[in-house]
Amino acid sequence: MSSTTAPQFPSGAAYAEALQHTHLCFRHPELRGALPELTKLGLPRAISGAFASVFSLTSGTSGQRYAVKCFTRHVPDQERRYQAISARLAQLDPAELSQPWKLGFEYLPDAISVGQDRYPVLKMEWIDAVTLSSWLDDNHTDRFAVARLADRFEALTRDLSVHEIAHGDLQHGNLLVASDDTFRLVDYDGMYVPGLAGLGGTERGHRNYQSPMRGNDDFGATLDRFSTWVIFLSLKAVAADPALWNRLHEPKGESLLLTEDDFKSPAGSTGLRTLLAHQDRTVSGLADQVRSLAFQPLDLLPPLAHAVLPSQRASATSPIPASPTPTAAPGAGGLPCWMSGHVSPPAPQAVAPTVSPDGFRSRTLFDVVTAVLWPFALAAAVLLVVLGYPTPLIDGLAPIALAAAPVVLTAVATAFARSRRVERAQSREALATLTNELNRLENPVKAAEKLRKDQAKFDAAQADRNAAYPRAQDKLTAHYHGELKEAEKRKIRKQRDIDKKIDGLAEELRTALAKALVDKRSAFVRDQLRRRLIAKSPPHGIGPKLVARLAAMGVTTAADFTGYRPVQNSAYNNTSAVIVLSGGRLIHVPGIGEAKARTLDEWRKHVLASAVARQPAALDAGERRSIEQGNARRREQLTVQRRAVESEADAMREQARKRLEDSQARLARENTAAGDRARQQRQEFSRRTVALQQNSDLHGTLSAAVEDAKLRQRGLSYRRYLHFLYTGC
């Protein structure tokens, strides 16, 4: 079946109906007559998915049990994809794999008949195993078994990574656990192998296991990176705390511990918060890494082998610097070390200055002098008040006002001394620096809103592009089929005209033979008439004189005239005659009136009758053969023309196909280029997300530092300075 025509595939129910008669619907020797597993209603049991229905069949010849996948939706380049996948998996040495996770399969084109059409199937090795979620339902309390399974899952992902293979849809339903607690990987529809480089993906994977950053254009060896971290986190979490399975897993749900919403909105995720706050550092650390990876492009994510567990992180972490430089906490928005060199670094973070002093330090000589001034100022004020009372005025000043002068002067001196303290300068400098740094930062709320709007606009544009691409493909295909239809109509029209001409050749032959006989007879009669000379056998009453007059007018044989016409002469009240020549010209021959003209005409008729009586009855063999050969040549020419019309139609179809392929290639190039731009834009969003998280953390740190600096500045007040002058603290 042609991928260009985008065929409609049967439903799972239609396949089930066909599989009731496997001896009729299959050609393959092992599947022909195979026994399907039946439901209680006696119908073949189907395991249905988005793209196919899988049936269990037991071969009647070998007794081998197979899983037969019947496709319900068209997948572009399906046969090519499975051939490349099969070839790559066949190259893997089972002895070099961590476990026997790969299953044998065979792609069979045109294998099953449903109605009047045939469709491909995938014949796969049957494995007795359970899905990962079912296994955890039964074994989540066995911490050792779950931990061992987590290690085997990590080994499986290492096998795939080493051989540059990506499954494309790693999730609980495609990870089967066999009786020996090793994995079996099923459903290779969306698998990537190096032989498929350059092609697009066929699916986006289960939504509860995929990164929010995964797009339709992502198709490469890094396709499984995010899924592996999610599954590994779930296994490690259950191994550390089996109660998490019942707490976070939805019974018969489509996830393990986390869902799509947890990745898209980690701040509001109950499940992710539970894992982040877990007392087990492995669980919280992995949850922190998954949260950090959720907004990174797939091709920048590290493989699971790069997982840094708490024990490893402790030995690799550098000592905490004594400087109060604000830094992002791990996973809280800082750029992971594995992304260094892949994502453009955010704007440099502001470095906070030396911490503002929250009090005065050791007293200087100036402080001591200021402290000594106060007792003297107070004593002087009291003395002036006592000496000046009850004298109302001294040089026009009230005694109390005069007594206040030493105190005021000392207070001014104290204020001046306080302003000269280095702590005040440090406090002002620290607050000004922090305020400037804070003002330079972008408002995190506005930046987050702008990023959200930009991402929403981008997502809408991507949705439009993703919807427009198949529409454009369908339009090209429809135009191609229109051209094919027009070429076929033109061919049929021309061939119909030629066929009509070919069908009419027999009648043409009969007509040609009849005409040739008529022509032959006419020629014989004309020849006989030309041979009968009037002078040799003149009619009765036509003498030599009249014969000579007739000859002078061009009438010498019976072939020279065809008859006569009577002419009424009104002047003489009589009737004369004119002779009608063979060319139609009328002549008047003196001496030949109506009577002699009639005699001459009767003589001609007699000669004509005699010639007709003796004319040939049929064509001779040579004459007939010549006409038949001409008819045969005409038939051959028409046959050649008919073949030329077919060749012309083939050429038109080939030209239409070439235009379709060129248009499809151009469309694919444009879509690939758009996909590359989309990936770059997603990387930019990722960079902005990291920068926004760092900016938000730094904004909070600086805001807190500004408030702290203001608080410390209040600790350098006038009152505190007076206290410091006499207590030293």
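This is a predicted model: local features need pLDDT of at least 70, side-chain atom pairs count only at pLDDT 80 or more; totals for chains, interfaces and linings use all residues.
Author: Residues are numbered from 1 along each chain as its sequence is written, and side-chain values use heavy atoms, with hydrogens and water left out.

Reader: Why are α16 and α19 called roughly antiparallel?

Author: The axes of α16 (residues 505-531) and α19 (residues 621-714) come within 10 Å and cross at roughly 150 degrees. Angles over 145 degrees count as roughly antiparallel, under 35 as roughly parallel, 65 to 115 as roughly perpendicular and the rest as oblique; α16 and α19 are therefore roughly antiparallel.

Reader: Which kinds of residue make up the contact of α16 with α19?

Author: Eight are nonpolar, one is polar and seven are charged. Among those meeting are Leu-505 and Lys-520 in α16, and Glu-623 and Leu-638 in α19, where contact means heavy atoms within 4.5 Å.

Reader: What makes Ala-559 partly exposed?

Author: Its relative accessible area is 22%. Buried means under 20%, exposed over 50% and partly exposed in between (1.4 Å probe, protein chains only), so Ala-559 is partly exposed. Ala-559 lies in the loop between α17 (544-552) and β10 (561-569) and touches, among others, Arg-526 and Ser-582. The C-alpha atoms of Ala-559 and Ser-582 are separated by 7.0 Å.

Reader: Which residues touch the most other members of the largest nonpolar core?

Author: Ile-112 and Leu-132 do so, within a core of 94 residues. A nonpolar core is a set of buried Ala, Val, Leu, Ile, Met, Phe, Trp, Tyr and Cys residues joined through side-chain atoms within 4.5 Å.

Terms used:
Axes are lines fitted to C-alpha atoms, for helices over the stretch in contact, and angles run from 0 to 180 degrees between N-to-C directions. Helices (H or I, at least four residues) and strands (E, at least two) are DSSP runs, numbered from the N terminus. Ala, Val, Leu, Ile, Met, Phe, Trp, Tyr, Cys and Pro count as nonpolar, Asp, Glu, Lys and Arg as charged, and the others, Gly among them, as polar. Lists of a residue's contacts leave out its neighbours within four places in sequence.
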